[in-house]
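The following exercises are to be worked through with the structure at hand. Each task is followed by a solution in steps.

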Amino acid sequence: MTPNQKTVKPLLFILLTLTTLGLMAQPEANYDETKVPKFSVPDPLTTFSGEAITDSQEWEEKRKLEIYQFFEKQIYGKVPALLDEYSFKVIEQDNQALEGKAQRKQITVGLKKNNRTLNFNILLYLPNGNEKAPVFLGYNFHGNHTVTDDPNVIIPEAWNENNADLKISSNKATEASRGVRMHRWSIDKMLDNGYGLATVYYGEIDPDKNDFSDGLHSLFYAEEQTKPKTNEWGSIAAWAYGLSRAMDYLENDTNISNVIVFGHSRLGKAALWAGATDDRFSGVISNNSGCGGAALFKRKFGETIGHINNSFPHWFSESFKKYSNKEEILPVDQHQLLALIAPRPLYVASAVEDEWADPKGEFLSTQYASKVYGLYGKKGIDLTEFPETDRPIQQTMAYHMRSGKHDVTAYDWDQYMTWAETFAK
Ligand code: GCU
């Protein structure tokens with residue numbers, strides 16, 4: 001071997017390993033519509049083997065299952081096994097919370113596997129004066145105590161991402177961050193309109209860092225195992241699973257009529273996967289969920305598979321890494337994830353300035369999923385033109401493009417409540 005070959009071989013090996021792991025420096029994001037590649041949208045109504053699907057029964061028996069299994073094994077990752085035990089305990093209750101407007105309950109859910117336990121807390125507000133109310137269930141980013149200034153809401157112990165603006169340091173939430181995210185949750189309006197809210201701190205299910213030693217994943221490990229297997233769950237699937245475990249409690253609360261699952265951004269991705277995996281959710285809301293959520297991968301506009309796998313290697317299953325910068329070989333796209341939720345009501349919301357999340361890709365994917373809703377006689381999004389800003393379209397599928405940035409605003413919640421009136425009450 002010449003000296004040159006000696007250095008080239010290990011270099012090639014490192015390059016190959018990094019590429020396989022999706023850890024290479026990523027190309028800059030494209031924000032130019034003229035540079036969006038030409039691509040064909042995989043047809044939700046043609047099976048992988050080329051068979052045409054003509055009705056809802058064929059869809060459910062043939063196509064839905066194969067799409068579901070693809071997303072499960074190749075994108076978000078499979079849940080490895082059943083739990084050994086599950087428990088819940090109402091640890092705090094006040095029937096006259098928020099100046100008498102609400103009943104507040106805080107419930108500890110316990111998940112047990114292999115003699116290891118993970119606990120998380122649900123904060124639940126239900127409107128007083130209603131026998132049964134529909135509830136929005138959504139994760140929060142920094143703790144249940146951040147969504148309200150109610151002094152009785154428990155502060156989470158779990159690892160928390162530092163954020164100077166939200167007064168979180170040393171990876172611990174404290175009293176200082178109580179109420180810092182109130183603007184993202186229209187709690188008063190929900191209660192006034194007869195809706196409840198259930199929220200959970202997502203870090204109690206799985207801390208959002210590239211480390212599989214803690215959180216839900218670790219409960220399921222065999223001896224010596226340190227991370228999920230190749231086709232098993234990443235963090236998004238674990239968060240989705242946590243929403244279903246919250247649902248196990250909520251569906252048995254006699255004051256709750258039905259549950260609409262909601263999520264913003266990475267938690268919107270989790271809400272969509274929860275909606276696809278668990279049909280007990282009567283409606284699903286994706287707020288600015290972007291790449292790996294409602295947006296089409298194949299447009300490669302804003303964040304791409306390469307970017308997301310590179311910055312958040314723990315979010316998807318390991319098997320998804322092979323699609324980094326190879327969108328063209330992916331046999332599905334995110335409109336098919338949306339289609340898995342059919343015929344249940346689904347709201348996809350974008351924001352004009354949220355280009356990283358590709359608002360147009362979120363809209364198109366909603367539109368392309370519509371034909372599956374059509375099989376059930378449900379109305380999807382039949383617009384061919386991109387909708388006007390701040391002009392929501394609300395049918396069984398709903399969409400709006402809000403003016404402004406990546407966020408959850410009172411405007412968004414106003415639309416969700418108006419839409420939910422049509423099916424949740
Ligand atoms: C990052 C990430 C997005 C994600 C967002 C969020 O911007 O790239 O995919 O949606 O964080 O969760 O706020």
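**Exercise 1.** Identify the residues that surround the ligand in this predicted model, and sort them by class.

*Solution.* Step 1: the residues around the ligand are Ser265, Arg266, Lys269, Glu303, Ile308, Phe312, Trp315, Trp356 and His406. Step 2: sorted by class, this shell holds four nonpolar, two polar and three charged residues.

**Exercise 2.** Determine how far polar side-chain atoms of Ser265, Arg266 and Lys269 lie from an oxygen atom of the ligand, and state how much of the ligand the protein buries.

*Solution.* Step 1: recall the cut-off, since a polar contact requires a pair of N or O atoms within 3.5 Å. Step 2: read the distances to an oxygen atom of the ligand. For a polar side-chain atom of Ser265 the distance is 2.7 Å; for one of Arg266 it is 2.5 Å; for one of Lys269 it is 2.9 Å. Step 3: turn to the area. The ligand taken alone exposes 320 Å², and 82% of that is buried by the protein.

**Exercise 3.** Explain why the ligand lies between domain 1 and domain 2.

*Solution.* Step 1: divide the protein chain into domain 1 (33-76 + 291-425) and domain 2 (80-281). Step 2: compare these bounds with the shell. Both domains give residues to the shell around the ligand, and therefore the ligand lies between them.

**Exercise 4.** Describe the interface of domain 1 and domain 2 by its contacts, its buried area and its salt bridges.

*Solution.* Step 1: the centres of the two domains, taken over C-alpha atoms, are separated by 24 Å. Step 2: in domain 1, 39 residues are in contact with 40 residues of domain 2. Step 3: the area buried between the domains is about 3300 Å², and carbon and sulfur atoms give 63% of it. On the side of domain 1, His314, Trp315 and Trp413 lose the most area to domain 2, together 24% of what that side buries. Step 4: between the domains there are 21 residue pairs in polar contact and two salt bridges.

How values were computed
Residues numbered from 1 in each chain as written. Predicted model: local features only at pLDDT ≥ 70, side-chain atom pairs only at ≥ 80, totals over all residues. Heavy atoms only, no water. Near = heavy atom within 4 Å. Polar contact = N/O pair within 3.5 Å; in protein donor to acceptor, adjacent residues only side chain to side chain. Areas by Shrake-Rupley, 256 points an atom, 1.4 Å probe, with all protein chains shown as cover. Nonpolar A, V, L, I, M, F, W, Y, C, P; charged D, E, K, R; others polar. Domains from an automatic or database assignment. Contact = heavy atoms within 4.5 Å. Buried area = accessible area lost by both parts, 1.4 Å probe. Salt bridge = Lys/Arg side-chain N within 4 Å of Asp/Glu carboxyl O.
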